[in-house]
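Work through the exercises below with the structure open. Try each task before reading its solution.

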Amino acid sequence: MPELPDVELFKRHLDTTCLGRTIRHVTVNDARILSDISAGELARRLDGVRLAESRRHGKHLLVGLDPPGWLTMHFGMNGSLKHFREGESDPPYDRVRFDFADGHHLAYVNPRLFGGVGLASDAVAFIAEEGLGPDALDPRFDLAAFEQALVGRKRDVKSLLMDQAVIAGIGNIYSDEILFHAGIHPRQRCDRLSAEAKKRLFSCIKEVLHTAVDAAAGAERLVDRLPRTFLIPHRERGRRCPRCGAEITAVKFSGRTAYYCPRCQPGPG
């Protein structure tokens, strides 16, 4: 599933290829991907609209429009964006295509139809309506805010990291990476973390995500760009820990599989 680093890559791709362009036509190839709007209404409301700005919040990409409004995109399990020019073929699984007045195109690609495309009048209101917590890389999300988010939580730390209502942007894969760097077992309960462990975990959230964004690497895309000391390039049962050489272990969490090093991340006592 695309996580914060992936969506940041999509944002940068859109920024460099499509911002400032004016939409001439919208083609919806599968209306099941739309969020609370019909294909005809989406096309009508975006006709002649310019893409003015963009922002990312967690796993959501929001595109500011002129006249005012916001195009909202969530990428589900394996969605992405693809820019192409007149004469080039549409990419496979092109669910929504935005045709610009100058012959450029932007495709919202989503093979499995998880995720969604919609419109919102206000970005801040949309984030609140979606029930999203602070973006993991928002400078305002500091150690004090993180510690406050942990107060009273008795759940395991991996589940908390993936809870978009607590921290927006971290999914199954990057939660494993963050916990690996912090040396914390995924089953460790939040209320049993020491003050030092909380500080280390918070620091690793920022460090890991910034490193992935700077490397232009995602959760499953372009992982070869990540440092070899990261767990993700070795994240497979039976592979070896890049730090100590121990065999990587997998454990199930509510239908999701967590990977960790039993030596670097000893189990909770």
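**Exercise 1. Find the side chains that make polar contacts with the side chain of Ser54, and give the distances.**

Step 1. Take the Lys11 side chain: its polar contact with the side chain of Ser54 is 3.3 Å. A polar contact is a pair of N or O atoms within 3.5 Å; within protein, one must be able to donate a hydrogen and the other to accept it, and residues adjacent in sequence count only if both atoms are side-chain atoms.

Step 2. Now take Asp15. Its side chain makes a polar contact with the Ser54 side chain at 2.6 Å.

Step 3. Check the setting. Ser54 sits in strand β2 (residues 50-57). Helices (H or I, at least four residues) and strands (E, at least two) are DSSP runs, numbered from the N terminus. The relative accessibility of Ser54 is 14%, so it counts as buried. Buried means under 20% relative accessible area, exposed over 50%, partly exposed in between (1.4 Å probe, protein chains only).

Step 4. List the neighbours. Leaving out residues up to four places away in sequence, Ser54 touches Lys11, Leu14, Asp15, Leu19, Leu62, Val63 and Gly64. Contact here means heavy atoms within 4.5 Å.

A note on the source: this is a predicted model, where local features need pLDDT of at least 70, side-chain atom pairs count only at pLDDT 80 or more, and totals for chains, interfaces and linings use all residues. Residues are numbered from 1 along each chain as its sequence is written, and side-chain values use heavy atoms, with hydrogens and water left out.

**Exercise 2. Work out which parts the salt bridge between Arg21 and Asp102 ties together.**

Step 1. Get the distance. The closest N and O atoms of Arg21 and Asp102 are 2.2 Å apart. A salt bridge is a side-chain nitrogen of Lys or Arg within 4 Å of a carboxyl oxygen of Asp or Glu.

Step 2. Arg21 is in the loop between α1 and β1 (23-28), and Asp102 is in the loop between β6 (94-100) and β7 (104-109), so the pair ties together parts 81 residues apart in sequence.

Step 3. Arg21 is partly exposed at 22% relative accessibility. Asp102 is also partly exposed, at 46%.

Step 4. The structure holds 18 salt bridges. One of them joins Arg155 and Asp163 (2.8 Å, N to O). A network of salt bridges links Glu8, Arg12, Arg56 and Asp135.

**Exercise 3. Decide whether helix α6 is enclosed or open, and name its packing partners.**

Step 1. Count. Eleven of the eleven residues of α6 (residues 172-182) are buried, so the helix is largely enclosed by the rest of the structure.

Step 2. Find the partners. The buried residues pack against α1 (4-17), α5 (157-162), α7 (195-215) and β10 (256-260).

Step 3. Look past the end. Gly183 follows α6 and has a positive phi, near 70 degrees.

**Exercise 4. Describe the lining of the largest pocket.**

Step 1. Count the residues. The lining has 16, and Ser35, Thr72, Gly118, Phe126 and Glu130 lie nearest the pocket centre.

Step 2. Assign elements. β4 (70-74), β8 (116-120) and α3 (123-129) each give two or more residues to the lining. β8 gives the most, with four.

Step 3. Define the term. On a 1 Å grid over the protein atoms alone, a pocket is an open set of points where a 1.4 Å probe fits, with protein on both sides within 12 Å along at least five of seven lines; lining residues have an atom within 4 Å of a point.
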